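User: I would like to go through this structure and ask what stands behind each term used for it. Please set each value against its definition.

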Number of protein chains: 2
Amino acid sequence: MFINRRSALASTLILTLLLCFSSSATAGAQSAALFQYGVIDALLAGGYDGSLPLSQLRTHGDLGLGTFDALDGEMVLLDGVVYQVPASGQVKRPAPGMTTPFAQVVRFHPTLSQSLAAGADIKAVEATLDTRLGDTQRFAAIRLDATFTALTARSVPKQTPPYRPLAEVAKEQTVFDFHTVRGTLVAMRGPTFVKGLGVPGWHWHFISQDRKRGGHVLSFTLADGAQAKLMPLRRMDLLLPTSGFSGLDLLRDRASELKAVESAR
Amino acid sequence: MFINRRSALASTLILTLLLCFSSSATAGAQSAALFQYGVIDALLAGGYDGSLPLSQLRTHGDLGLGTFDALDGEMVLLDGVVYQVPASGQVKRPAPGMTTPFAQVVRFHPTLSQSLAAGADIKAVEATLDTRLGDTQRFAAIRLDATFTALTARSVPKQTPPYRPLAEVAKEQTVFDFHTVRGTLVAMRGPTFVKGLGVPGWHWHFISQDRKRGGHVLSFTLADGAQAKLMPLRRMDLLLPTSGFSGLDLLRDRASELKAVESAR
């Protein structure tokens, strides 16, 4: 009798485990997602108040980019570590309680790689990677460890309310010119139809190998051949702030402002 | 001894169940998401080939709307059942293997309700629900069971390749004028910044109480007071087709085309 009960318990345990794991497997079988917190049009409109703690952001990925509460610098997430590049250019490791108003991260499992030639600049690299991706109407996360003959990056100064639009603030950016620097580029690529919500096209952030310098990348030239690792993504997981976007003008088209903010020197 | 073993097994079972449920709870603790398959600009450009089977779509929600492979009618997902309203107006229950190029669904757990007055029309209802939602820069799913003195819906004819843009096809829509009809409205509301990707503002589909008629809603007037159930959502889970959007023009701004397609009689 007790053997039957034990068998019944054992069977129930096995069944429970099977159900539990099959449920996890179903979730896991879904495509990997680019996790995005916040909306680019809100950031362009001056929505700099952070609301997602970095400790929570990190549960969504180990590679990515973004900014910080009060627009206090450029974010690089690499190997699960968040680096902050403030306008001073001196990289910091922000506290886990620090928050972000906008970030894009991914659990990085690259499925493609691409050789890049020495001397290639940002435009050449983007074109080569576009060809490798084939379908550019998807999302992609890219990691590129390389040495650069030249790399130009920028950061933005921490803001105080009332916040001005990003296109104005970005004019006060600090530009860093690096020569013969080794480090890692983290890039996200968005399809054209994410306009308003995300960043169409390429968006590059940099952190040096010694993790002391970095920023939002304006240009670079590869010193040697390098190997880019690419992760195309069919899925985006968008989370909006609890606090909402009250007081921000989200009606105007900010495509040209975004272009200026992303690429102007 | 066997009692100890039974106890051990029972404890293991309980622990397993706890772990299993706490793991589900962690997933559940994340905000509920509006699941969207496909991209509205691709649909507007004539991307009518379905690629997600309804059997898979239903795993993402029990309430929603969308269309079908080859633009073969309007979709209403209600209480986990997919209804197809083809241009004939005769509602069908499509096979689980039928596919969709575009749909928005949610696991509907409304957290707000709103009384609506007899005689209110679509504009008045939208304004009342906007006020109830407060923050209209989020997503929302709405269910409204009511009797209507009048309701106008439409459906679109099944297409054959090469597909024409939706703005052209929608001119050939079939319009259904219902009078004193009882049924359910399913609506999704998108924030302004989803332009290009989703549907900003309100989007209503209808299915009659006898599940025989329905369509994409152009106008309605409530016969009696009714209670709308609302589910505001901070999160969107976007999945792009494996097949991509090759051959589709996703560069042009289709905001005015979308407006015409959604609301023109």
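Analyst: A residue is called buried when its relative accessible area is under 20%, and exposed when that area is over 50%. In chain A, 53% of the 265 residues are buried. Keep in mind that this is a predicted model. Chain A has 6 helices and 14 strands.

User: Why is Q114(A) called buried?

Analyst: The cut-off is under 20% relative accessible area. Q114(A) has a relative accessibility of 18%, so it counts as buried. Q114(A) sits in strand β8 of chain A, residues 112–116. Beyond four places in sequence, the residues it touches include T128(A), L129(A), R132(A) and A226(A).

User: What makes Q173(B) buried?

Analyst: Its relative accessible area is 14%, and the limit is under 20%. Q173(B) therefore counts as buried. Q173(B) lies in the loop between α5 (166–169) and β10 of chain B.

User: Which residues does Q173(B) touch, leaving out those up to four places away in sequence?

Analyst: Contact requires heavy atoms within 4.5 Å. By that test Q173(B) touches R154(B), S155(B), V156(B), P157(B), L218(B), A264(B) and R265(B). Take R154(B): it is 19 residues from Q173(B) in sequence, and the two C-alpha atoms are 6.3 Å apart.

User: What makes β11(B) a partner of strand β10 and of strand β12 in chain B?

Analyst: Two strands pair if there are at least two bridges between them. Strand β10(B), residues 174–190, is joined to β11(B) by 8 bridges. Between β11(B) and β12(B), residues 214–222, there are 3 bridges. Both counts therefore meet the requirement of at least two. The β10(B) and β11(B) strands run antiparallel, and so do β11(B) and β12(B).

User: How do you know that the span of helix α4 of chain B is close to the expected one?

Analyst: The expected span is 1.5 Å times one less than the number of residues. Helix α4(B), residues 122–133, has 12 residues, and the expected value is 16 Å. Its first and last C-alpha atoms are 16 Å apart, so the span is close to expectation. Just after the helix, G134(B) takes a positive phi of about 75°.

User: Which residues of α4(B) are buried, and why are they said to be on the same side?

Analyst: The buried ones are I122(B), V125(B), E126(B), L129(B) and L133(B). Around the axis they cover an arc of only 100°, which puts them on the same side of α4(B). An α-helix has 3.6 residues a turn, so residues three or four places apart point the same way. On the face turned away from the buried side are the exposed residues K123(B) and T131(B). The buried residues pack against several strands of chain B, including β8 (112–116), β9 (139–155) and β13 (226–233).

User: Why are the buried residues of helix α6 of chain B said to line one face?

Analyst: E257(B), L258(B), V261(B) and E262(B) are the buried residues of α6(B), which covers residues 255–263. Seen down the axis, they fall within an arc of 125°, so they line one face of the helix. The face turned away carries exposed S256(B) and K259(B). Among the elements that the buried residues pack against are α2 (40–44) and α5 of chain B.

User: What makes β5 of chain A and β5 of chain B edge strands?

Analyst: The open sheet has 12 strands with mixed pairing, and its order begins with β5(A) and ends with β5(B). Each of these two, residues 81–85 in its chain, has a single partner strand, so one side of each is left without a neighbour in the sheet. From one strand to the next the twist averages 15°.

User: Which residues touch the most other members of the largest nonpolar core?

Analyst: W204(A) and W204(B) do, in a core of 109 residues. Leaving aside neighbours within four places in sequence, W204(B) is in contact with residues including I122(B), L129(B), L185(B) and F220(B).

Terms used: Residues numbered from 1 in each chain as written. Chains lettered and ligands numbered in written order. Predicted model: local features only at pLDDT ≥ 70, side-chain atom pairs only at ≥ 80, totals over all residues. Heavy atoms only, no water. Helix = DSSP H or I, 4+ residues; strand = E, 2+ residues; numbered from the N terminus. Buried < 20%, exposed > 50% of the residue type's maximum accessible area, 1.4 Å probe, protein only. Arc of directions from axis to C-beta. Axes fitted to C-alpha atoms, helices over the stretch in contact; angles between N-to-C directions. Core = buried A, V, L, I, M, F, W, Y, C linked by side-chain atoms within 4.5 Å.
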